[in-house]
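Subject: Structure handover and notes

Dear colleague,

I am handing over the structure below, and my notes on it follow directly after. Please read them with the model open beside you.

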Amino acid sequence: MKVYTKTGDAGTTALFGGTRVPKHHIRIDSYGTVDELNSFIGLVRDQEIDARSKEILTHIQNKLFTVGAVLATDPEKMVLKNGKDRLNIPKINEEDIELLEKEIDWMETSLPQMTHFVLPGGHTTVSYCHVARTVCRRAERLATALYEIEPFDAHTLKYLNRLSDYLFVLARKLSKDLQADEVKWIPTKLD
């Protein structure tokens, strides 16, 4: 099988189910941003971090393929003629969201309470995590815009929202683990 098909040379691409749409369609932008997010999470996972975080990040990357598949499926073709779901994979569910919440709660037990906004940075690994967080927020913004036009399973939106929270807390945890300074944002006051 060749990597290139030439079917997109005119600026369109096929959704899961065969529907062709322009490559700039919000659905393509949504799942493309999820793919970008997955790549940045892989970059974080490739750093020298603890085994538990690596394991959770691998789990998240697998779930993001599910999110991408949901976003890449034409809602009119979500169900096959025989009544079965086109996507024969486990969907995002409450347990997936609860796992992120439990990890957030666990990490926060060892972190100092936040009193100010934090400037992203302090260590390259932490910065990668913050980049992943901001890409996650963009994926969420695009997915919510798509959801208003063509609704899909709401667990998908909730997962992206919780994932950005997880990535923020992971960045704080990695700052602590790597003994990097968390620089507080303290705005200067006007006279």
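The axes of helix 1 and helix 2 come within 9 Å and cross at roughly 170°, where axes are lines fitted to C-alpha atoms, for helices over the stretch in contact, and angles run from 0 to 180 degrees between N-to-C directions. Helix 1 and helix 2 are therefore roughly antiparallel to each other; angles under 35 degrees count as roughly parallel, over 145 as roughly antiparallel, 65 to 115 as roughly perpendicular and the rest as oblique. On the helix 1 side the contact (heavy atoms within 4.5 Å) is made by R27, S30, Y31, V34, L37, N38, I41, G42, V44 and R45, and on the helix 2 side by K54, L57, T58, I60, Q61, L64, F65, V67, G68, V70 and L71. By class, this contact of helix 1 with helix 2 has twelve nonpolar, six polar and three charged residues, with Ala, Val, Leu, Ile, Met, Phe, Trp, Tyr, Cys and Pro counted as nonpolar, Asp, Glu, Lys and Arg as charged, and the others, Gly among them, as polar.

Before going further, please note that this is a predicted model, in which local features need pLDDT of at least 70 and side-chain atom pairs count only at pLDDT 80 or more, while totals for chains, interfaces and linings use all residues. Residues are numbered from 1 along each chain as its sequence is written, and side-chain values use heavy atoms, with hydrogens and water left out.

As for the overall layout, the protein chain has five helices and four strands, which run β-β-α-α-α-β-α-α-β from the N terminus on; helices (H or I, at least four residues) and strands (E, at least two) are DSSP runs, numbered from the N terminus. The C-alpha trace spans about 60 × 40 × 35 Å along its principal axes.

Helix 1 also packs against helix 4, at an angle of about 160° and with the axes 8 Å apart, and these two helices are therefore roughly antiparallel to each other. Helix 1 passes helix 4 in a left-handed crossing, meaning that the near helix is turned anticlockwise from the far one by less than a right angle, whereas clockwise would be right-handed. The contact of helix 1 with helix 4 has 19 nonpolar, two polar and four charged residues.

Helix 2 has a further partner in helix 5 (residues 154-177), with an angle of about 155° and axes 12 Å apart, which makes helix 2 roughly antiparallel to helix 5. Their crossing is left-handed, and among the residues making the contact are I56, L57 and I60 of helix 2 and Y159, L160 and L163 of helix 5.

On a 1 Å grid over the protein atoms alone, a cavity is a set of points where a 1.4 Å probe fits but cannot get out, and a pocket is an open set with protein on both sides within 12 Å along at least five of seven lines, lining residues having an atom within 4 Å of a point. Grid points are joined across faces, edges and corners, and a volume is the space filled by probe spheres set on the points. A search of the whole structure finds one cavity of 30 Å³ or more.

Best wishes
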